[in-house]
Amino acid sequence: MKKLTIIPLLVLLFGYTSNGWSQSLELNDLEYFETQGVNVLVYSNLFTGGFNDEKNAGIEIIHHGVRTSQGGAIRLSNTPEQWDLVPEISNRIVSEDSKSIEATLRYNDFDFESRVVVSAKGSGVEISVYLDKPVPAELEGDAGFNLEFLPSQYWNKTYLMDGRINLFPRYVVGNTITRPNSEKLKQYKGYVTSDDRGTGKFVDPLPLETGRSLIIAPDEPTRMVKITSQDADLMLFDGRILAQNGWYVVRSLLPAGKTGKVLTWTVEPNAVEGWIREPNIGFSQVGYIPSQRKVSVIELDKKDTPLSTASLHKIEPDGSITEFFTGDVVSWGDYFKYHYVKFDFSDVTTPGIYFIRYGDHKTNHFIIQDDVYDQMTDATNDVWVPIHMNHMFVNEAYRVWHGEPFKEGYLQAPTNTDHFDLHSQGPTTDTKFEPYETIPGLNVGGFFDAGDFDIETESNISVVDNFVKAWEYFKPQRDQTFIDQEQRYVDLHRPDGTPDVLQYIEHGMLNLVAQAEIIGHMSDALSNAVLDNYHHLGDAASITDGLPYNPELGPYEIAADGKSSGVKDDMWAFTTRSPSLDLRAAMTFAAASRALKGYNDDLAERALVQSQRLLKEANELLAAEEDDNNNFGWWSSLGDLGTNLQLYITTGEQEYADKYLKDLWPILDRNVNFGIVTALEAIPYMDEEYKEDLRPYIKQYKDYILGLERNNPYGVPIGLGNWAGGGGIVRFGTTITFANKYFPEIIDGSHAFKATDWLFGNHPYHNYSLVATLGAVRPKEVFYGNNRADFSFIPGNVAPGLLFRRPDHFENFDDWPFLWGQNEGTIAGNTAYLIFGSAFQNMIKE
């Protein structure tokens with residue numbers, strides 16, 4: 001009989017990683033703590049994104065290339081939701097002498113201030129909380145220090161609390177209690193994220209575990225973190241109990257009645273010895289046409305040694321693989337955190353199935369063939385757009401995407417209202433309707449904005465504008481959607497004899513014209529009245545009960561005749577007048593009237609009447625406004641530019657052309673990027689002298705394009721804001737295609753392929769297509785859409801893309817859909833992609 005050797009469990013779990021914890025963290029020149037494989041950011045990114053807790057701020061850990069932890073701060077709940085209060089970071093002090101970063105956190109609503117000091121300590125950091133005054137009595141038992149961890153990186157991995165072994169749950173199963181609403185701290189501006197259904201109680205999650213020492217993911221060295229607390233218990237919570245976008249939360253309460261240093265944690269992220277990030281081999285997942293330039297941008301760890309060559313391998317029809325091409329790898333240089341090299345395989349023009357090999361790493365396969373871009377817009381046109389048609393029942397084969405929403409219509413928003421989605425209603429309604437009065441006729445047409453179910457008017461204007469351009473420039477005859485306005489019914493993949501784009505224009509204009517006619521001008525938005533149905537995930541038709549609110553009824557009561565209810569779930573119309581928004585609408589109305597003529601003549605005529613009225617009234621209102629900052633003329637001219645052009649094209653009246661030309665040149669002189677697309681759109685309607693006058697500005701735009709080649713290795717305008725810059729890259733591609741059409745001797749159409757390359761996988765962080773398009777071998781698997789809770793996507797969606805986190809990190813999560821700044825496709829953005837795709841396909845054909 002063989003003798004068994006029993007290995008102690010903790011040695012088995014941790015023995016092979018203990019060397020990683022010996023690597024010390026250092027405070028670097030970019031003001032964060034770093035060792036190879038571990039970055040600890042301390043308030044490099046603040047809670048200032050506009051939507052409170054966006055899961056993008058506080059103390060953050062980038063662990064072996066992935067931001068796995070964030071939200072390190074004093075918080076007022078166990079599992080903070082998006083609209084829970086967040087601290088204001090009033091100052092941030094970096095001390096090279098003490099190797100520390102200190103920040104002051106303040107909650108103005110409670111006059112509560114704390115200081116958080118993070119210092120390098122061996123293989124980790126020490127986090128200390130200081131109070132000059134005790135925790136306010138009303139925050140005792142609520143104020144604590146939290147640090148959150150990304151569920152998709154930790155579920156099904158183990159953790160140990162004081163040596164007790166547990167498993168992070170894949171699904172949300174945990175214990176909760178209910179507490180009286182009187183004990184719940186206020187949320188953003190007094191809004192409430194949940195409906196208590198008349199119970200007067202709220203749900204409070206209980207901890208999964210409690211102790212003083214927590215070891216996270218000992219079974220995965222690249223994710224292992226050790227947290228110890230000297231002063232208070234560590235509690236581990238699952239934030240997904242209250243909200244699907246919640247994270248795992250480690251938390252310690254601050255003690256009552258104490259000042260000075262009141263809490264100390266040590267946080268030690270494991271650093272795998274010798275770890276170097278794998279190369280990210282960028283390429284187009286859709287593939288390439290034989291004649292185009294084909295350049296793979298390869299993103300490398302700065303500690304990696306670049307190879308001198310890479311190769312292209314061809315998969316033959318019999319399944320055999322041959323090395324088809326070998327080429328030099330050329331260094332571009334450093335860009336933020338990583339080093340970039342390029343592999344140019346443009347010489348390969350033979351159609352076939354290929355993959356790239358760089359050292360021991362290879363990509364998935366892709367195609368080189370003349371027709372790879374032919375279907376790049378089909379999924380967006382056929383699936384994503386019709387699913388987002390508001391006020392319609394939308395069906396796809398056996399699946400119902402949503403029933404008909406908002407049958408009860410929209411109420412006039414009350415005055416002096418600041419909305420949780422950044423809308424507002426001013427001191428008056430600017431309409432003939434009283435607050436809370438039903439505005440009849442608005443529940444028709446329009447498109448859901450994005451992952452939400454509201455109508456953002458400005459976005460819907462852009463949508464119609466995009467569809468009109470697609471129709472007038474390219475006359476797409478694609479018909480794969482059945483749309484019946486009388487039945488309010490949409491059926492995907494079912495032709496009805498009318499081009500889809502024409503019906504999309506009609507659907508958008510039905511709502512926009514209704515706003516202009518009924519309200520008298522454009523609304524800011526038609527949006528949710530209560531926060532607990534704004535974050536709705538599910539069928540749009542179930543957001544409200546379909547019955548008008550009746551104040552004579554009790555809460556949740558339905559009238560005896562079944563025609564009203566006591567549920568305050570009705571949507572609101574925000575109607576504060578914006579002359580600049582009216583100007584944008586006037587432009588789109590004029591253009592849409594042309595497209596609709598001969599298809600829906602009544603709507604076309606009404607659109608033109610409203611266009612001319614809105615233009616006149618908006619300019620009168622703008623002229624009457626005080627111009628303290630001298631920006632009125634600039635923004636007014638920018639708004640007038642497109643409107644006057646479209647009215648000239650529609651009516652042929654010279655006064656509109658004269659106004660357009662008067663405004664155009666000063667705008668281009670100020671910034672060629674602002675007006676260049678509109679200027680190009682006007683060429684078919686102007687004389688040859690106009691085109692020649694435009695030529696110097698096209699040369700300026702060429703210089704801008706070439707400057708991008710020096711700015712970053714991808715040669716595209718990469719956004720560094722709180723919303724990833726995919727929209728800017730789409731506009732960049734569109735501008736190039738139009739400029740190449742009219743000035744091919746100045747603008748080389750090959751630059752447009754840089755935009756498709758980026759969108760389809762040649763970008764930082766990973767090489768997945770940011771568009772869920774036909775032909776992409778590996779598109780992203782999750783997007784922020786209205787089905788995000790299913791960890792899925794809607795075909796045709798276009799993600800914003802690579803989100804920049806200060807000071808040097810790009811990311812795009814493909815296992816966690818809930819970060820809208822990097823994963824949320826919008827109706828305006830996705831229809832802009834339709835324009836680019838159509839123009840790009842046309843450029844290739846020509």
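Predicted model: local features only at pLDDT ≥ 70, side-chain atom pairs only at ≥ 80, totals over all residues.
Start with strand β3 (residues 38–42) and strand β4 (residues 59–63): 5 bridges join them, and the two run antiparallel.

Now widen the selection. β3 and β4 belong to an open sheet of 9 strands, with antiparallel pairing. Follow the order β1-β2-β3-β4-β5-β10-β19-β18-β15. Which strands stand at the edges? They are β1 (26–27) and β15. Each has a single partner strand, so one side of each is left without a neighbour in the sheet.

Glu209 forms a salt bridge with Arg164, with 2.9 Å between the closest N and O atoms. Glu209 is in strand β15 (residues 209–211) and Arg164 in strand β12 (residues 164–167), so the pair ties together parts 45 residues apart in sequence. Arg164 is partly exposed, at 38%.

Select Asp109 and Lys186. This salt bridge has its closest N and O atoms 3.1 Å apart. Asp109 lies in the loop between β7 (100–107) and β8 (112–121), and Lys186 in the loop between β13 (176–180) and β14 (201–205), so the pair ties together parts that are 77 residues apart in sequence. Asp109 is partly exposed, with a relative accessible area of 46%. Lys186 is also partly exposed, at 41%.

Next, go to Lys754 and Glu709. Their closest N and O atoms are 2.9 Å apart, and the two form a salt bridge. Lys754 sits in helix α14 (residues 752–760) and Glu709 in helix α12 (residues 688–711), so this pair joins parts 45 residues apart in sequence. Lys754 counts as buried, at 12% relative accessibility. Glu709 is partly exposed, at 22%.

Then select Asp53, Lys55, Arg75 and Glu148 together. These residues are linked in a network of salt bridges.

**Aromatic rings**

Switch to the rings. The whole structure holds 53 aromatic pairs. How are the rings of Trp247 and Trp816 arranged? Their centres are 6.5 Å apart and their planes at 80°, so the pair is edge-to-face. This pair links distant parts of the chain. Trp247 is in the loop between β18 (234–238) and β19 (248–253). Trp816 is in the loop between β41 (809–811) and α15 (820–823), 569 residues apart from Trp247. Trp247 is buried, at 0% relative accessibility. Trp816 is buried too, at 1%.

For a cluster, select Phe283, Tyr288, Phe324, Phe325, Phe343, Phe345, Tyr354 and Phe366. Ring pairs link these residues together.

**Charges over rings**

Show Phe355 with Lys362. Lys362 lies over the face of the Phe355 ring, 4.7 Å from the ring centre. Then show Phe482 with Arg494. The charged end of Arg494 sits over the Phe482 ring, at 4.1 Å from its centre.

Gln412 stands opposite Ala573 in β39.

Ala525 has Phe574 as its bridge partner in β39.

**Last stop: Thr264**

Finish on Thr264, in strand β20 (residues 260–269). Thr264 is buried, with a relative accessible area of 2%. What does Thr264 touch, not counting residues up to four places away in sequence? Select Glu126, Ile127 and Ser128, then Thr228, Ser229, Gln230 and Asp231: Thr264 contacts each of these.

Methods: Residues numbered from 1 in each chain as written. Heavy atoms only, no water. Salt bridge = Lys/Arg side-chain N within 4 Å of Asp/Glu carboxyl O. Helix = DSSP H or I, 4+ residues; strand = E, 2+ residues; numbered from the N terminus. Buried < 20%, exposed > 50% of the residue type's maximum accessible area, 1.4 Å probe, protein only. Pairing = 2+ DSSP bridges. Phe/Tyr/Trp six-rings, centres within 6.5 Å; stacked < 30°, edge-to-face > 60°. Lys NZ or Arg CZ within 6 Å of the ring centre and 35° of its normal. Contact = heavy atoms within 4.5 Å.
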